[in-house]
Amino acid sequence: MPKSKTYGSFANQNRTAFGGLAADILHRTSGFRKERGATDPVRRDSYHEASPKAQPWRQHRHGGGSRKHWAAIKGAALGAFDRLYRAHSIDLRQARADRRAGTREDVTPTGERLHGDDRAILWYLLDRYNHVTGQLFPSYATIAAETGKSLGFVKASLGRLKLFGFVCWVRRTKTKEGAEGNAGPQLEQTSNAYFFDWAAQLVTEAKSTFQNLLTIAMKKLRGGAKPTRPTTPSDPELAAILSRMSASIDQRDGLVPSASS
């Protein structure tokens, strides 16, 4: 049976009213903003930059204010990366050989193994990290520009580094400039706050390497500088002999004309 004009008109009015209500709800929902007629939400699980949850450096801080301490941690992290990357490379070569031999159909996807250039991204984050405050929040564009990598590679690389526990982050939002006190959308996405939680997040294959390298480095730091040799021997008799030898040499040198005379 065909629908009556009255019913169709009523349905259209309901859809229009519902659409207007939905748009009004989105407009008033914190975290949404209107741009070129489209509603663009901020990322899920994001926190305002002023929130303690958006400041992971409050809980995760490494180096204890010591540059040498942080250098030891940094070296251990890069060493753990190198060891795990070598393992992934060996597995990949074997998988490709097995596929050519017909004993395997596929290899590990790129998103599930470390890429050699991921080291440059990790190194940059470790180098940029403030070992005194623990703060680290460069944008994707900054990381790409300063490492010479594409924006797409940076995002993919960070995903791999996070997968294996080399880096973690918190998504953050900020108040839109000039939006304070105004009605409507107030927030927009800003850069992530990165942090390192190797004890909890680093995969087992890399964690043991990290711990071993860090233990070795910290022992060297605690050892301090090598003790200096005494300028005079502790044996009084030997000290007297050396003193007489020194006096004899000084007396001899005094009798020899200098080169400038």
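**Close-up views of a predicted model**

**View 1. The whole chain, element by element.** From the N terminus on, the protein chain runs α-β-β-β-α-α-α-α-β-β-α-α-α. That makes eight helices and five strands. The model is predicted. Of the 261 residues, 29% count as buried.

**View 2. Confidence along the chain.** The mean pLDDT of the protein chain is 80, and 67% of the residues reach at least 70. Among the elements, helix 3 (residues 118-128) has the highest mean, 98. Strand 1 (residues 32-35) has the lowest, 38.

View 3. Strands of a sheet pair through backbone hydrogen bonds, either parallel or antiparallel. Strand 3 and strand 4 (residues 168-175) run parallel and are joined by three bridges. Y47 has R172 in strand 4 as its bridge partner.

View 4. D45 lies in the loop between strand 2 (38-41) and strand 3. Its phi is positive, about 60 degrees, although D45 is not a glycine. The relative accessibility of D45 is 57%, so the residue counts as exposed; the cut-off for exposed is over 50%.

**View 5. Helix 3 and its cover.** Six residues are of interest here. In helix 3, D118, I121, L122, Y124, L125 and L126 are buried. The cover over the buried residues of helix 3 includes helix 2 (67-101), helix 4, helix 5 (151-163) and helix 6 (198-201). An α-helix has 3.6 residues a turn, so residues three or four places apart point the same way.

**View 6. Helix 3 against helix 4.** Two packed helices are described by the angle between their axes and the distance between the axes. For helix 3 and helix 4 (residues 140-147), the angle is about 110 degrees and the axes are 10 Å apart. Helix 3 is therefore roughly perpendicular to helix 4, a term that covers 65 to 115 degrees. From helix 3, A120, I121, Y124, L125 and R128 take part. They meet T142, I143, E146 and T147 of helix 4. By class, the contact has five nonpolar, two polar and two charged residues. I121, Y124 and L125 of helix 3 are in this contact and are also buried.

**View 7. Helix 4 against helix 5.** Helix 4 and helix 5 pack with their axes 9 Å apart, at an angle of about 105 degrees. That angle makes helix 4 roughly perpendicular to helix 5. Helix 4 brings Y140, A141, I143, A144 and T147 to the contact. Helix 5 brings L151, V154, K155 and L158. Seven of the contact residues are nonpolar, one is polar and one is charged. I143 and T147 of helix 4 touch helix 5 and also meet helix 3.

Technical notes
Residues are numbered from 1 along each chain as its sequence is written. This is a predicted model: local features need pLDDT of at least 70, side-chain atom pairs count only at pLDDT 80 or more; totals for chains, interfaces and linings use all residues. Side-chain values use heavy atoms; hydrogens and water are left out. Two strands pair if DSSP finds at least two bridges between them. Helices (H or I, at least four residues) and strands (E, at least two) are DSSP runs, numbered from the N terminus. pLDDT is the predictor's confidence in each residue, from 0 to 100. Axes are lines fitted to C-alpha atoms, for helices over the stretch in contact, and angles run from 0 to 180 degrees between N-to-C directions. Angles under 35 degrees count as roughly parallel, over 145 as roughly antiparallel, 65 to 115 as roughly perpendicular and the rest as oblique. Contact means heavy atoms within 4.5 Å. Ala, Val, Leu, Ile, Met, Phe, Trp, Tyr, Cys and Pro count as nonpolar, Asp, Glu, Lys and Arg as charged, and the others, Gly among them, as polar. Buried means under 20% relative accessible area, exposed over 50%, partly exposed in between (1.4 Å probe, protein chains only).
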